[in-house]
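Open the model in your viewer and keep the selection panel at hand.

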Amino acid sequence: MASVELVLVHPQLETAFRDTIKWLEKRQVAAHHHVREGSTREFDRLARLLTGQAIGLALGGGGLRGLAHLGVIRALQESGFFIDSIGGTSLGAIMAAQFALGLDYKTMVKTNEKMWRDSWPMNDYTIPFMACLEGQKLDQTLKTMCGDVRIEDLPLNFFCVSTNLTTANIAVHREGVLWKRLRASCALPGIVPPEFDKDFMLVDGAVLNNVPGDIMKKLCGGKVIAVDVSPREDHIFKPENPERPATRQILWERMNPFAETHRVPSLFDIVSRSAMISNVSKTTIVKDQVDLYLDIPLEQYGMSDSKSFYQIIETGYEAASRQIEAWKQNGKN
């Protein structure tokens with residue numbers, strides 16, 4: 001039986017789509033698409049999606065290393081790629097959501113600079129009953145970014161993934177309030193409180209699927225590009241000394257600017273890496289399922305390294321540009 005897809009045609013000057021859920025509740029459709037009258041770009045995208053010629057982009061998680069996705073998107077656009085569908089995990093989901101909201105590269109950089117460099121939302125510490133953080137600062141950050149937008153109202157096809165602790169399965173979010181779905185996708189266990197969704201408890205999607213290129217392959221009928229920002233071997237977890245420094249020693253080093261310091265990963269780094277490490281073998285499988293797998297070398301940066309904001313973006317741009325050019329030269333585009 002052929003799948004049915006819904007196309008919603010909007011007036012040319014309509015800037016925001018609303019109430020798509022009312023159309024979807026009454027119909028069984030495999031996908032839905034938004035186009036505006038007279039928009040050649042949007043009708044071209046629709047044609048690619050319906051004929052299996054689309055390009056889907058899947059962005060992986062990796063803490064603030066995910067800022068490299070901004071550079072990757074810039075490299076793809078400069079290389080002439082049209083991104084017709086986008087999705088991601090954790091910070092990759094947040095980057096994907098910004099693109100799906102229609103933000104251009106420069107606006108995305110400014111948005112993330114404000115979110116992660118100027119105002120770090122991961123420091124509202126609390127009594128750790130469920131997590132080290134209260135999570136309210138992250139909630140407000142995502143609300144400010146997304147407003148009350150729902151996923152199904154986005155102009156571009158989008159998904160994000162979280163891990164369902166209740167059912168021990170991956171949750172693929174294609175509907176719902178955008179900021180809440182992003183909040184679930186980046187709810188790092190032990191650091192950020194889980195997101196409660198009806199009868200389910202949701203945490204960071206990186207626990208089960210850090211680079212969701214396989215999910216994009218199922219949802220997008222064309223070529224899939226997956227971006228991995230979490231290295232196989234992580235330099236920040238290479239001990240400088242054979243002995244583990246005592247907590248009081250680390251505290252003293254951070255209080256005393258003249259003390260010799262030990263380079264140790266933060267709690268955020270350790271929990272992030274632990275959550276993603278089970279995906280190392282899975283990413284090898286995903287690599288074989290997608291058309292272009294961009295592996296961005298970010299071992300020199302920590303997963304909470306907000307000081308290296310622009311360097312991380314530039315590393316993503318340069319690495320992606322090289323790999324895209326090599327892919328083109330091999331005639332695989």
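Searching the whole structure gives three cavities of 30 Å³ or more. A cavity is a set of points, on a 1 Å grid over the protein atoms alone, where a 1.4 Å probe fits but cannot get out; points are joined across faces, edges and corners, and the volume is the space filled by probe spheres set on them. This is a predicted model, in which local features need pLDDT of at least 70 and side-chain atom pairs 80 or more, while totals for chains, interfaces and linings use all residues. Residues are numbered from 1 along each chain as its sequence is written, and side-chain values use heavy atoms, without hydrogens and water.

Select Gly63, Ser90, Met122, Cys186 and Phe268: of the 15 residues lining the largest cavity, these lie nearest its centre. Lining residues have an atom within 4 Å of a point. The volume of this largest cavity is about 170 Å³.

Next, show α4 (91-100) and α10 (267-276), the elements that give two or more residues to the lining of the largest cavity. The largest share, three residues, comes from α10. Helices are DSSP runs of H or I, at least four residues, and strands runs of E, at least two, numbered from the N terminus.

Now move to α2 (residues 40-50), where Glu42, Arg45, Leu46 and Leu49 are buried (under 20% relative accessible area, 1.4 Å probe, protein chains only). They lie on the same side of α2, because they cover an arc of only 100 degrees around the axis, taken from the directions from the helix axis to the C-beta atoms.

Definitions and conventions: Buried < 20%, exposed > 50% of the residue type's maximum accessible area, 1.4 Å probe, protein only. 1 Å grid on protein atoms, 1.4 Å probe; cavity = no way out; pocket = protein on both sides within 12 Å on 5 of 7 lines; lining within 4 Å.
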